[in-house]
Amino acid sequence: MVFYWYLSILLWLPLIASPLTYMLSKNKVGWAKWSATIITFVEMIYSFVLWMLYTSKDRFGDKYVTGDGFVFLEKTDWIVVGKIKIYYALGVDGLSLPLIALTTVVFFASMISSFYIKEREPLYYSLMLLLEAGVMGTFIALDLFLFYIAWEVVLVPMFFIIAYWGGPRRKYSAFKFFIYTHLASLFMLIGIFILYNEGGGTFYMPQLKTSLSTYADVGRLIFAFYLLAIGFITKFPQVPVHTWLPDAHVEAPSPGSSVLAGLLLKMGGYGLIRLGVWLLPSSVFTDPSSHVRLVLALLGMISMAYTAFVALSQKDMKRLIAYSSIGHMGVVSLGVASYTSEGINAAIFMMIAHGVISPALFLISGVIQHNAGTRDMTVLKGLGNKMPITSTLMVFSGFASAGLPGLAGFVAEFLMFAGLFKSDMFGYGDTYFWITVVALLSIIVVAGYYLWMLQRVVFGQPEGLEVEHDGHWYELMPLWLLAFFILFLGWFPFVVLKVTDEFARTIIPI
Amino acid sequence: MASEILLGKTVLISPFIGAVIVSILAFLHYSRGNKHEGHDSGKHDTHEEHTSIHYTRFENVVSTFGILSILVSWLSMVLLAINYLPGEEHETLQSQFGFFGFKEGGTPDIPFGLLIDPLSVYMGLIVTTLALLIHIYAREYMHGDAGYSRFFATFNFFTGVMLTLVFSTSFLELFIFWELVGLSSYLLIGFWFYKPAAAHAAKKAFLYNKIGDITLLAGFLMLYRYTRTLDFVELPAKMEALTDQQIAIVAVLIFGGVIGKSAQFPLYTWLADAMEGPTPVSAILHSSTMVKAGIYMVARVFFIYYEAHDGHNVFAGAEWALTVFAWIGAITALLAGLQALVENEIKRILAYSTVSQIGYMAIALGTGGKTAAMFHLLSHATFKALLFLTAGAVIHAVHTNNIWEMGGLRKKIPKTFWPMLIGATALAGFPGFSGFWSKDAVLLAAYESKVPGHLVIYYLGALTAFITALYSTRFIYVVFFRTPDPEHKEHVEKAHDGGFFLTTPSIILGVLVLIESILFIPVFNFEHWLNEILEPEVKPEAINYVVAGSSAIIVLLGIFVGLVLYHWKPELRTSLYNIDAFNWIANEFIAKRYRIDQVLYWIANAPVMWVAGILQSIDLKIIDRTIIDTWIVKGSLQLAKISDVFDQGFIDGIVNGVWQIFLYFGRQFRKLQTGLVSNYATIFAATLVLFLTYVNFLVLFK
């Protein structure tokens with residue numbers, strides 16, 4: 001018998017658990033966190049099981065539905081209004097599978113590290129579960145309509161998480177976050193409708209992909225690409241539409257930041273690759289009249305170099321990490337712009353790597369704030385003696401983020417540069433080599449600001465800081481989990497790359 | 001062949017296992033509720049017994065496992081060498097897998113694994129031997145330090161990383177461990193992390209290295225661009241298809257990496273600051289790992305510069321790069337040598353001396369003497385490890401780093417004095433000692449090469465030989481022979497030799513230097529043998545008695561001048577320093593590192609911070625405040641009013657909703673009242689619940 005609802009379980013479990021958690025813990029406030037933790041834990045284990053099933057698809061493919069290039073395919077009619085037909089369609093391929101696993105891991109880690117939250121717990125945890133469902137839906141939806149709904153649903157819980165549990169300027173930041181990303185997704189929506197028209201009236205992505213590649217007009221598709229890209233690039237985000245990110249991160253509670261950096265940014269990257277690269281025909285990238293790749297490369301390069309410098313002059317740890325996130329997402333843009341299989345692999349791998357590294361860093365800054373009372377790097381000093389475990393993890397994650405070989409970030413950066421060096425330089429020949437060079441040089445600055453941060457915070461003698469103990473178990477346990485993945489991905493990148501490479505090959509065969 | 005691969009794997013893995021065991025032991029120790037003991041001071045006077053027997057026992061267990069793992073590594077290395085090195089033909093053995101797991105037929109995957117050839121076996125032998133001796137030394141030297149287990153874990157890791165670098169089979173693998181070597185040195189230089197100077201030195205070391213690393217990365221990725229492979233075994237055959245320009249780019253960029261890692265001009269000042277780390281760290285950093293990694297790498301990728309099948313034929317494209325490299329080596333050798341002459345801290349003298357000696361190796365590589373470079377690497381590794389270990393013992397004995405606060409220690413610490421004297425004699429290149437033969441090989445390579453200006457390079461090298469002899473004489477004389485100043489008499493009187501673990505390694509090393517000195521005598525043909533296994537395609541140079549004789553004379557002259565200045569006529573020094581120009585050059589120019597740090601600061605650091613400040617204000621003031629907050633928000637408020645009439649199109653509902661939010665945001669912006677927000681939140685949540693219920697129904701009843 002063929003079992004259909006592999007992915008529906010993944011999507012609906014947190015979605016149903018969200019209101020239930022709220023209702024059940026109305027009287028027993030303490031239940032909320034355990035309910036949410038158990039749900040996310042089950043999701044995590046389940047996503048690993050799905051991964052194993054996925055990798056055995058060549059052998060046992062008939063046990064679960066594969067079709068249209070996707071595994072665990074679910075497709076039923078959902079809304080049919082006249083000629084418009086919307087499917088409830090879910091599916092997984094080499095692009096979305098790693099992101100699903102990442103989602104469950106990051107949510108589990110963030111859920112545990114949220115245990116310090118003491119106000120309005122039921123609401124908090126039910127919003128987090130809703131958020132998980134939204135993020136999950138974005139990654140597995142195969143219908144553009146469903147994709148858009150999930151994309152938008154994510155904004156709401158995140159908005160409230162920042163606005164209720166955030167820092168002093170939380171309202172400003174929450175609104176800024178909401179307006180930015182919401183406005184940007186409107187452009188995306190217009191883009192989606194253009195695709196709908198060009199592709200012969202369907203929202204179902206595999207079908208749309210086929211019809212777009214045969215019928216559509218390249219000029220209009222390039223226009224649609226730019227509209228879509230505005231949505232994605234604001235979400236990543238890239239310079240110059242990035243200023244919501246540092247504010248949102250600084251004000252959000254640290255688990256919120258970790259989800260924001262770990263997953264919400266990845267939705268942008270996922271959208272860019274899924275809609276921009278996979279759905280649109282390759283002529284959008286390779287057509288001589290198209291400057292798409294150059295634009296992306298410039299955005300990526302500017303984001304890497306610009307944020308490296310800006311991060312250097314930050315005083316707040318969280319702001320520094322937020323700027324470094326923007327720089328890392330520049331790797332995604334550049335990887336896509338290189339338009340080589342290495343580049344696409346690098347883009348996906350960077351999302352995964354950054355998805356475990358930056359939550360770790362944000363959670364660490366949370367631990368430091370809770371125990372030392374500040375995140376200001378001009379005040380913090382000599383935590384190495386006071387909080388040895390946190391400091392060790394901080395050195396570890398800091399180096400991971402700076403792209404130290406043997407840790408996750410390096411693999412992505414290396415592959416990205418390998419792709420850039422191998423590529424035809426965005427279709428413009430060797431004269432555009434300087435884009436690569438600037439991106440390469442910015443890595444030195446990245447190492448510089450991380451080392452500076454470590455020197456300020458971890459090294460030296462503590463003065464005037466009242467730190468009594470290291471982090472609590474619920475603060476450190478998620479960090480160990482993330483650290484494990486950082487190390488694992490650094491030495492065994494092929495576990496992920498084997499999956500992503502299948503996807504990359506469908507776009508660029510060589 | 002399988003046995004050799006297995007031995008090679010043992011060599012690499014054993015130190016890492018040691019690191020893991022040490023970490024587990026430390027974890028068990030501290031998780032049982034033992035508090036951190038030992039000194040947190042980070043001073044060298046770890047001799048006073050403050051620590052409990054319990055902690056000492058823990059130390060012993062930790063160091064035993066640390067040393068054992070290196071011992072296993074060393075034994076397998078020796079077995080491997082015995083199996084592999086003898087004989088005529090040396091087959092290159094490889095055991096590898098694809099690091100990225102790309103499927104076949106598409107992107108070439110980059111291999112990761114083990115490469116056994118004479119070069120890696122030779123280098124591995126040096127690394128394991130010295131690492132073993134330095135580990136034994138550290139067992140006693142680090143006694144009583146609060147971070148004892150941390151030290152051994154990192155130290156084992158360092159050794160393992162360096163060994164893997166040596167045996168790496170592709171540029172990717174080499175680069176990964178190249179950077180990890182940088183990481184371990186960062187952790188070890190900043191070992192006493194609570195000392196600001198140590199934290200600063202660690203950061204500096206890592207950043208200077210990073211500059212080199214990035215150029216190296218660019219270099220081999222350019223190679224990847226042209227050849228589509230990074231495999232050391234596949235690459236040589238593909239080199240000949242490259243144009244001159246392509247080779248020139250790759251060649252120069254790869255030298256960039258060496259300049260950072262092997263501390264060449266102008267990026268060498270970090271190495272002197274790195275003396276903030278514990279002495280065993282300096283010993284291993286300078287002798288066989290880290291700074292030697294650059295030299296080793298060039299030897300490994302010599303096929304980029306010289307045609308693989310005929311080692312005498314330089315690629316036309318690489319000629320320029322080689323010349324530049326040889327010149328940088330010569331300049332570094334001279335500048336660092338001069339600096340060692342005016343430096344007062346014993347470890348810094350040795351540090352500059354390392355820089356200077358690596359300059360020699362760079363000269364050799366630049367002028368085509370791969371064998372000469374590896375030859376000098378061996379002799380330098382041995383005597384420099386010896387010198388650092390004995391220097392540590394001296395510091396341990398007198399609790400100061402400054403040579404002018406020592407004196408007359410010859411009788412007090414004989415077990416340190418004799419090995420150090422042997423080491424210094426070898427460093428000075430006293431005729432007949434190991435340093436003399438290897439330096440001679442380098443100078444000969446420069447003398448006979450075809451590089452433009454090779455004679456000038458040779459003269460610079462000879463001048464450096466003179467300076468080397470001079471400063472070796474200086475520090476040996478000042479530390480061991482000079483009558484100590486009255487105010488320092490007290491601690492000199494108290495000095496005594498260290499214990500078994502502190503002295504034995506240096507005695508062994510001293511014996512090794514003597515053995516090498518004998519072995520290197522041309523009669524025994526060591527250099528020819530080395531030449532044969534490393535580059536069989538190149539005919540060795542015959543010994544040139546002019547070069548050998550003149551360098552012997554130069555060295556003797558240097559020692560003579562040293563004795564004149566410090567022993568027979570010390571007043572000559574005073575009168576020299578009375579000359580203003582001389583005084584300025586020595587104290588203001590050379591002792592301040594030729595102002596290289598300031599220049600680099602003005603070139604790199606200051607502009608970077610300036611740009612950072614400007615971009616930061618662009619971010620906050622222009623993008624955020626002006627464009628977004630003022631233009632866009634206010635503009636959309638206006639637009640919203642106009643569009644009220646207009647938006648009846650396709651995306652009506654959603655667009656409308658957003659303008660609503662915009663309007664709302666605009667108002668909120670002006671007032672920011674709490675009550676409104678929670679109302680809004682309630683409405684939003686209610687809508688959402690309704691929406692979700694709707695979706696549920698749709699799905700359930702379809």
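## Starting with chain B

Buried residues make up 51% of the 702 residues in chain B, where buried takes 20 or more other C-beta atoms within 10 Å of a residue's own, exposed 12 or fewer, and partly exposed anything in between, with C-beta atoms placed from the backbone. Before you go on: this is a predicted model, in which local features need pLDDT of at least 70 and side-chain atom pairs count only at pLDDT 80 or more, while totals for chains, interfaces and linings use all residues. Residues are numbered from 1 along each chain as its sequence is written, and chains are lettered from A and ligands numbered from 1 in the order in which they are written.

Colour chain B by secondary structure and you get 26 helices and two strands; these are DSSP runs numbered from the N terminus, helices being H or I with at least four residues and strands E with at least two. Of the contacts in chain B with a separation of 6 or more, 81% are between residues 24 or more positions apart; a contact here means C-beta atoms, placed from the backbone, within 7 Å.

## A helix pair in chain B

Select residues 244–261 and 318–342 of chain B, which are helices H8 and H12. Their axes are 8 Å apart and the packing angle is about 20 degrees; axes are lines fitted to C-alpha atoms, for helices over the stretch in contact, and angles run from 0 to 180 degrees between N-to-C directions. H8(B) and H12(B) are therefore roughly parallel, the word for angles under 35 degrees, with over 145 counting as roughly antiparallel, 65 to 115 as roughly perpendicular and the rest as oblique.

Now show side chains. From H8(B) come Ile247(B), Ala248(B), Ala251(B), Val252(B), Phe255(B) and Ile259(B), and they meet Ala318(B), Trp320(B), Ala321(B), Phe325(B) and Ile328(B) of H12(B). That contact has eleven nonpolar, no polar and no charged residues. The classes go like this: Ala, Val, Leu, Ile, Met, Phe, Trp, Tyr, Cys and Pro are nonpolar, Asp, Glu, Lys and Arg are charged, and the others, Gly among them, are polar.

Follow H8 onwards to the loop between H8 and helix H9 (269–273) of chain B, where Pro266(B) sits. The peptide bond joining Phe265(B) to Pro266(B) is cis, with omega about 5 degrees.

## Inside chain B

Next, pick helix H10 of chain B, residues 279–287: nine of its nine residues are buried. What do they pack against? The buried residues of H10(B) pack against H3 (118–141), H4 (148–166), H5, H11 (291–300), H13 (346–366) and H14 (370–398) of chain B.

Jump to Val513(B), in helix H19 (residues 500–519) of chain B. Val513(B) counts as buried, with 24 C-beta neighbours inside 10 Å. Setting aside neighbours within four places in sequence, the contacts of Val513(B) include Thr382(B), Phe383(B) and Leu386(B).

## Two positive phi values

Most residues other than glycine have a negative phi, and most peptide bonds are trans. Zoom in on Arg228(B), whose phi is near 65 degrees. Arg228(B) is in the loop between H6 and helix H7 (235–238) of chain B and counts as exposed, with 12 C-beta neighbours inside 10 Å. Then try His399(B), with a positive phi of about 55 degrees, in the loop between H14 and helix H15 (414–428) of chain B. His399(B) is partly exposed, with 14 other C-beta atoms within 10 Å.

## Across to chain A

Bring both chains into view: 56 residues of chain B are in contact with 56 residues of chain A. On the chain B side, H6(B) gives the largest share, 14 residues. By class, this side has 41 nonpolar, seven polar and eight charged residues.

Chain A itself has 21 helices and three strands, and 65% of its 510 residues count as buried. For a last stop, select Phe236(A) and Pro237(A), which are joined by a cis peptide bond with omega about 0 degrees. Pro237(A) lies in the loop between helix H9 (218–235) and helix H10 (244–251) of chain A.

Notes. Two residues are in contact if their C-beta atoms, placed from the backbone, lie within 7 Å.
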